[in-house]
Amino acid sequence: MQLHELVNTFGQDLKQRHGQKIHKLSIHGAFTCPNRDGTLGRGGCTFCNVSSFADESAQQLSVVQQLLARRDEVTRAKRYLAYFQAYTSTYAEVEYLQRMYEEALSVSDMVGLCVGTRPDCVPDAVLDLLAGYQARGYEVWLELGLQSANDKTLQRINRGHGYAAYVDAVTRAHQRGIKVCAHLIVGLPGEVPMDSLDTLHRIVDTGVEGIKL
């Protein structure tokens, strides 16, 4: 049995709504994180290893250069989402974020943005900016790294925020009609299977539109 027979996958959902395959193109925006720059801590969360999924050297290239290079590698899609993936991609002044996001959307065949961030780094001004792109017809996803709804686990893995910050961010995003994808890690140290199930139920209760495991 295939995964799409059990759940509505992200790719399947996009294809149904856009009428064709949409591919996410990852971008390194050279952002940092309050859990790395000393605002909340240094060294990041215990599990953080950006080089495992992002090319750190890519941050030396412009957003457009990265997207064009990624686009040339894709053969199964002709339309794309610009995915700001590495570190905390809302952790900057709104004017700077706007320049970055606009640069991404200037590349042809981009249908929208996926913005990865922390739930404690999405002030109203950033949500208003993202809502503006959605109002212009772009696909917009706010991808919130949560990992667990258990505050003791969040403290153990050095997240620097609690579950309440996630609920607050989702509530404010939904007030603006912005779709949210929650990032979770199953089997974190100190957790048992019931902890993961509890996290899942609590996330679903917030009305989140997507879950990344």
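**Exercise 1. Which residues of the largest nonpolar core touch the most other members?**

Before you start: this is a predicted model, where local features need pLDDT of at least 70, side-chain atom pairs count only at pLDDT 80 or more, and totals for chains, interfaces and linings use all residues. Residues are numbered from 1 along each chain as its sequence is written, and side-chain values use heavy atoms, leaving out hydrogens and water.

*Solution.* 
- Step 1: a nonpolar core joins buried Ala, Val, Leu, Ile, Met, Phe, Trp, Tyr and Cys residues through side-chain atoms within 4.5 Å; buried is under 20% relative accessible area, exposed over 50% (1.4 Å probe, protein chains only).
- Step 2: among the 45 members, look for Leu 67, Phe 84, Tyr 101, Leu 113, Leu 130 and Tyr 166.
- Step 3: helix 4 (residues 124–135) gives the largest share, six residues. Helices here are DSSP runs of H or I, at least four residues, and strands are E runs of at least two, numbered from the N terminus.

**Exercise 2. Work out which side of helix 2 is buried.**

*Solution.* 
- Step 1: in helix 2 (residues 63–73), pick out the buried Val 63, Gln 66, Leu 67 and Arg 71.
- Step 2: they sit on the same side of helix 2 because they cover an arc of only 130 degrees around the axis, taken from the directions from the axis to the C-beta atoms.

**Exercise 3. Find Thr 90 and its side-chain partner.**

*Solution.* 
- Step 1: go to the loop between strand 2 and helix 3.
- Step 2: Thr 90 has 3% relative accessibility, so it counts as buried.
- Step 3: its side chain makes a polar contact with that of Thr 117 (2.6 Å). Such a contact is an N or O pair within 3.5 Å, within protein one able to donate a hydrogen and the other to accept it; residues adjacent in sequence count only if both atoms are side-chain atoms.
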